[in-house]
Amino acid sequence: MCCIKSSEWRRMSLVAVSPIYKCLMFVLQAEVFPYPEIGNEEVEEINQLVAPVERFFTEEVDSAKIDREAKIPPETLNGLKELGLFGIMVPEEYGGLGLSNTMYARLAEIISLDGSIAVTLAAHQAIGLKGILIAGNEAQKQKYLPKLASGEHIAAFCLTEPGSGSDAASIQTRATLSEDGKQYLLSGSKIWISNGAIADVMTVFARTEVDVDGVKKDKISAFIVERAYGGITSGKAEDKLGIRGSNTCEVSFDNVPVPVENVIGEVGSGFKVAMNILNSGRFSMGSSSAGMIKKLIELTAEYAATRKQFNKSLSEFGMIQEKFAMMALNAFVMESMAYLTAGMMDRPGLPDCSLEAAMVKVFSSEGGWICVSEALQVLGGLGYTKDYPYERYVRDCRILPIFEGTNEILRMYIALTGMQYAGKALTGKIKEMKKGNIGMVFGVVGKKLKSSLGGSVDYGLTGKDGVVHPSLAESAKKFEQNVSHVGSTVESLLYRYGKTIVDEQLILKRVADVMINLYAMTAVLSRASRSISIGLRNHDHEVLLANTFCSDAFFKNNYLMTQLQKHSPENNDANIKKIAREVLENRAYICSHPLERTF
Amino acid sequence: MSGRVLVGVKRVIDYAVKIRVKPDNSSVVTDGVKHSMNPFCEIAVEEAVKLKEKKLIKEVVAVSCGPQQAQETIRTALAMGADRGIHVEVTGKDYETLGPLQVSKIMAALAKKEDAQLVILGKQAIDDDCNQTGQMTAALLDWPQGTFASEVSFDGDKIKVVREIDGGLETIKIKTPAVVTADLRLNTPRYATLPNIMKAKKKKIANVKPADLGVDLTSRLEVVRVDEPPQRQAGVKVETVDDLVGKLKEAGTV
């Protein structure tokens with residue numbers, strides 16, 4: 001140990017002991033720097049494809065009417081089918097457009113102009129038929145994909161049940177194999193099914209009895225179920241706050257005969273199929289939210305520039321300006337994250353970007369919700385009326401943090417996945433320590449000393465061979481500092497809690513938020529670096545946005561990590577839990593009324 | 001008859017864009033501005049494709065003159081149903097001064113080369129509003145012309161064209177080969193659907209230079225200055241007619 005040079009020692013220990021460095025896939029620079037690019041031909045193609053879709057949405061889609069009547073008119077639906085929007089990612093050989101994740105994200109920017117249409121299309125292709133696409137066999141693909149791609153058949157994804165929402169593994173719908181072994185009989189109830197009443201082909205998840213080494217076990221399997229099989233009833237359409245044009249209802253299965261050929265993947269592998277499907281669709285929320293915010297910025301800016309009060313136009317007031325800056329920053333970050341993720345997903349070898357996609361979803365759903373609310377605020381009373389689209393955008397956006405995996409669940413996923421690698425590495429070290437490997441102990445202690453003595457952190461993002469452009473160097477340094485800090489924070493959390501960390505949601509929430517911020521910082525640094533390097537129009541503005549966001553995120557991360565330190569005075573968790581306990585025990589607010597007397 | 005129809009399509013600044021004049025008043029800002037196919041050209045393409053679907057003609061060839069980006073416009077025409085495209089490459093200064101006279105020479109040359117039975121153009125482009133190319137093309141070819149068409153039908157070896165004119169509608173019958181220019185009410189152009197855009201990728205676009213067609217691109221016009229329309233001034237209310245006359249005299253208009 002002592003004959004290693006101090007600089008090497010520091011690097012080694014940082015790499016070996018700071019597991020976040022390893023597991024944060026996005027710090028593997030090769031993946032995220034440079035920002036993913038698509039070929040010239042593809043850019044041209046995207047522009048070609050975007051034009052008619054934009055036109056259709058501007059000219060033929062009456063969002064106010066769809067919201068008012070809680071229905072998408074058949075002509076509009078037909079128009080969407082003819083445009084080819086029902087099979088965007090289905091390969092050409094099955095009648096789809098065969099577009100990449102990146103192109104899908106680009107089109108999602110426009111489709112999001114109408115929330116009901118966006119959800120109807122997403123329920124159909126991002127999850128409804130996705131199972132067949134990613135886990136189906138050739139026969140299933142040939143049989144079902146062509147009609148699904150053309151929109152002749154509509155698809156739905158049936159997982160959630162009255163008793164099983166976030167806890168998807170607890171579903172009770174059952175599929176029993178018939179005597180002759182040729183079909184399954186499916187029975188159970190599903191709720192909150194988008195396209196439930198109009199779907200012809202559904203991906204349904206049910207428990208099946210599986211033989212595991214001679215032991216009978218209950219495992220979830222995925223099935224392709226046609227409405228034509230009979231025994232399927234759809235309940236009445238839910239009367240929702242937003243996305244009212246999208247059909248959502250209960251779907252009940254009463255001994256529906258499903259041929260064994262319709263099992264997707266292996267019997268018993270259904271849960272994994274479900275998770276893969278959900279993970280693969282999430283990233284597009286980034287681009288659809290960004291698309292919506294960009295549109296809102298245009299509409300709102302028009303108003304802010306012309307409306308005058310106190311003899312000044314609204315756009316001259318600080319608090320209004322702040323809202324526009326916030327919207328621009330959010331749109332910038334969401335775009336950057338979405339296309340970075342899509343670009344990584346499009347790399348050959350089907351890389352697993354479920355962690356990144358989850359981070360995009362959490363950021364975009366919450367950012368989108370805040371932005372539409374602030375946009376409405378700019379218009380004041382007018383924004384509150386149905387004469388303007390703002391209130392509809394607010395209502396449509398409220399579903400974003402709820403569906404496709406609630407943000408609470410996704411934060412747990414993000415934090416635990418991130419910490420998983422840290423945990424593994426640390427377990428090894430702890431074992432060593434117990435074995436009495438003193439050198440190991442010195443190793444860990446030494447490292448802590450070195451880093452706390454303010455040794456500078458360098459992951460190679462900046463400097464002579466750095467991948468980040470010099471005008472972003474400050475932000476990159478802040479990012480590197482955060483990353484190193486996170487590493488030691490996570491380590492100390494694991495020391496403190498060990499496995500019980502799984503139950504410490506308030507802690508995991510902060511870890512997740514830091515990781516989301518870090519991914520966002522990576523995305524904007526990568527994107528802005530590229531924009532400057534290739535001289536995109538308005539790249540100075542991008543640098544401004546990137547630096548502003550990174551600075552803000554840096555301080556937020558530091559605060560979050562301060563709260564995570566042992567006995568942190570900034571951390572009110574114990575009190576919060578106590579308050580919650582007392583309120584929930586009584587199922588009410590328990591304070592005496594302020595006007596009460598005791599005498 | 002060859003059964004071939006030539007359709008000219010022009011790439012213009014999108015109709016919804018707010019036009020801005022360059023600071024040096026030399027021309028309009030085009031950099032980074034959204035462009036699309038001239039709306040009247042879309043109507044022309046739609047009519048040609050409709051004729052092909054009715055089996056009245058056999059092939060639709062889309063033509064555009066301009067730099068590399070003109071190919072996007074041709075691709076849109078192909079996605080709408082045209083069979084193949086011809087991109088006449090015009091760049092730089094030549095493109096800046098390209099006008100109806102030069103384009104009509106090119107269209108005339110191509111019409112002869114491709115043995116076209118019919119040339120359909122939009123009645124005018126929304127950027128220069130010239131309304132000349134169709135007429136000039138017909139004159140250069142010495143072909144009959146049916147301009148401002150709101151209805152086109154085949155009548156034996158002739159074409160019946162209903163024209164929108166100031167006084168109402170005028171119906172004429174012209175012999176083929178002929179030039180027709182499309183007016184607003186001729187048809188409603190279809191959307192280029194995404195599957196058709198993908199299919200159109202396989203259709204061919206031939207590359208041609210004006211010199212190959214023996215066309216001289218020199219312009220007879222020189223743009224001196226481009227200005228925005230004057231800001232609309234606020235009106236003034238007056239109490240009596242005498243006041244009105246007084247004000248008019250002041251302004252020197254009476």
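Predicted model: local features only at pLDDT ≥ 70, side-chain atom pairs only at ≥ 80, totals over all residues.
Student: Why is A:I132 called buried?

Tutor: Buried means under 20% relative accessible area, and A:I132 has 1% relative accessibility, so A:I132 counts as buried. The residue is found in helix 9 (residues 130-135) of chain A.

Student: What makes A:E45 and B:K201 a salt bridge?

Tutor: The rule asks for a side-chain nitrogen of Lys or Arg within 4 Å of a carboxyl oxygen of Asp or Glu. In A:E45 and B:K201 the closest N and O atoms are 3.0 Å apart, and the pair forms a salt bridge. A:E45 lies in helix 4 (residues 40-60) of chain A, and B:K201 lies in the loop between helix 6 (194-200) and strand 11 of chain B, so the pair joins two chains.

Student: Are those two partners buried or partly exposed, and how do you know that?

Tutor: Set each value against the cut-offs: under 20% is buried, over 50% is exposed, and partly exposed is in between. A:E45 has a relative accessible area of 11%, so A:E45 is buried. B:K201 has 37% relative accessibility, so B:K201 counts as partly exposed.

Student: What makes A:E59 and A:R55 a pair within one helix?

Tutor: Both residues lie in helix 4 of chain A, 4 residues apart, which is about one turn of the helix.

Student: How do you know that the salt bridge of B:R185 and B:E164 ties together separate parts of chain B?

Tutor: The closest N and O atoms of B:R185 and B:E164 are 2.8 Å apart. B:R185 lies in the loop between strand 10 (178-182) and helix 6 of chain B, while B:E164 lies in strand 8 (residues 158-165) of chain B, so the pair ties together parts that are 21 residues apart in sequence. B:R185 has a relative accessible area of 57% and is exposed, whereas B:E164 has 19% and is buried.

Student: What makes A:R106, A:E109, A:K294, A:E335, A:R527 and A:E542 one network?

Tutor: Salt bridges that share partners join these residues. Over all chains, the count comes to 41 salt bridges.

Student: Why are strand 4 and strand 5 of chain B said to pair?

Tutor: Pairing needs at least two bridges. Strand 4 (residues 59-66) and strand 5 (residues 84-89) of chain B have 6 bridges, in the parallel sense. For example, the bridge partner of B:A62 is B:G85 in strand 5. Together with helix 2 (residues 70-80) of chain B, strand 4 and strand 5 make a right-handed β-α-β unit. Strand 5 and strand 11 (residues 205-208) of chain B also pair in the parallel sense, over 4 bridges, and B:H87 stands opposite B:N207 in strand 11.

Note on methods. Residues numbered from 1 in each chain as written. Chains lettered and ligands numbered in written order. Heavy atoms only, no water. Right-handed = clockwise from strand over helix to strand, strands pointing away. Buried < 20%, exposed > 50% of the residue type's maximum accessible area, 1.4 Å probe, protein only.
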